Amino acid sequence: MRRRKSGELAPLARDREAMQCPEAGKPIVKVNHCQKYVYSFGVPRRCPLCGQDVGSRRLEEAPVSISEPFTNGHREKCSFLLRPTRGTFLREYDGRSDLHVGITNTGGVVYNYTVHGVQRDEVGWEQSVSVPLLRPGLFGLLDQWDKYLEDFSATAAWLPHRYEEDRHNCYSYALAFVNCVLATEGEAQLDRDQFTEKFVVPRTRKASKYITLYRAIEERGFYVTDPPRPQTGPGPGSGSC
């Protein structure tokens, strides 16, 4: 895919894959000190700005763990997954690298379409961005999910010779399966832009911010931002009826 919308991480994959066993990222912690937010790997003994001990004397100064936007895709049931075609998000991904996508069954096996046809990966998606597909109202599909996915993957549309890098690729396969499930349940189908904007972009945007923060801490040992300004109430006479 050559064109991407704001918030998307990168073009979606030339699908010649390499096996990967990504290392776990270091946990990021946020500390409120010196009227700043200080991010680091773990709780620092001393504030990097003033050199004083970082002791949380008040509740608002207590360290806060920052949740990582990545997950082990093999532990995700019935989900749409994204990962870099080469390497991992935290290490090799540069914002322009290709991404590969797939769909998990109920056992965490990742079905994905490549130049070799539909692959069923039991490893290699340990650091992924995950979009759960069984929203409320579709949980009844859980018992049939694996059969739907296997039958869909066995159709002629996903034979190796049908693969086209820009028009009939991993994203085409995943979205077609999502729409197949929606059609079975009598739900409205989604085009590529609708699905991307509604489900993919919010998660990839969060992942992009996390990657930037993570690498800044790796480079400097910490990262500092200003806390948001407190919101003030409406002034006299500005209330609404």
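The largest pocket in this predicted model has a volume of about 240 Å³. A pocket here is an open set of points on a 1 Å grid over the protein atoms alone, where a 1.4 Å probe fits, with protein on both sides within 12 Å along at least five of seven lines. The volume is the space filled by probe spheres set on the points, which are joined across faces, edges and corners.

Fourteen residues, that is 14, line this pocket, and Leu133, Arg135, Leu182, Leu190 and Phe199 lie nearest its centre; a lining residue has an atom within 4 Å of a point. Two elements, α2 (170-184) and α3 (192-220), each give two or more residues to the lining. Helices (H or I, at least four residues) and strands (E, at least two) are DSSP runs, numbered from the N terminus. By class, the lining has 11 nonpolar residues, no polar ones and three charged. Ala, Val, Leu, Ile, Met, Phe, Trp, Tyr, Cys and Pro count as nonpolar, Asp, Glu, Lys and Arg as charged, and the others, Gly among them, as polar.

I turn to the nonpolar core. The largest one holds 44 residues, of which Phe70, Phe80, Ile103, Trp145, Tyr173 and Phe195 touch the most other members. Such a core is a set of buried Ala, Val, Leu, Ile, Met, Phe, Trp, Tyr and Cys residues joined through side-chain atoms within 4.5 Å. Buried means under 20% relative accessible area, exposed over 50%, and partly exposed in between (1.4 Å probe, protein chains only). Helix α2 gives the most to this core, with nine residues. Leaving aside neighbours within four places in sequence, Ile103 is in contact (heavy atoms within 4.5 Å) with residues including Phe80, Leu133, Trp145 and Phe177.

Which salt bridges deserve mention? The whole structure has six, each a side-chain nitrogen of Lys or Arg within 4 Å of a carboxyl oxygen of Asp or Glu. Asp226 and Lys36 form one of them, at 2.3 Å, N to O. Asp226 follows β9 (223-225) and Lys36 lies in strand β2 (residues 36-41), so the pair ties together parts 190 residues apart in sequence. Asp226 is exposed at 54%, whereas Lys36 is partly exposed at 28%. Lys147 and Asp151 meet in another, at 2.7 Å; both lie in helix α1 (residues 145-153), four residues apart, about one turn of the helix.

Finally, the conventions. Residues are numbered from 1 along each chain as its sequence is written, and side-chain values use heavy atoms, with hydrogens and water left out. Local features need pLDDT of at least 70 and side-chain atom pairs count only at pLDDT 80 or more, while totals for chains, interfaces and linings use all residues.
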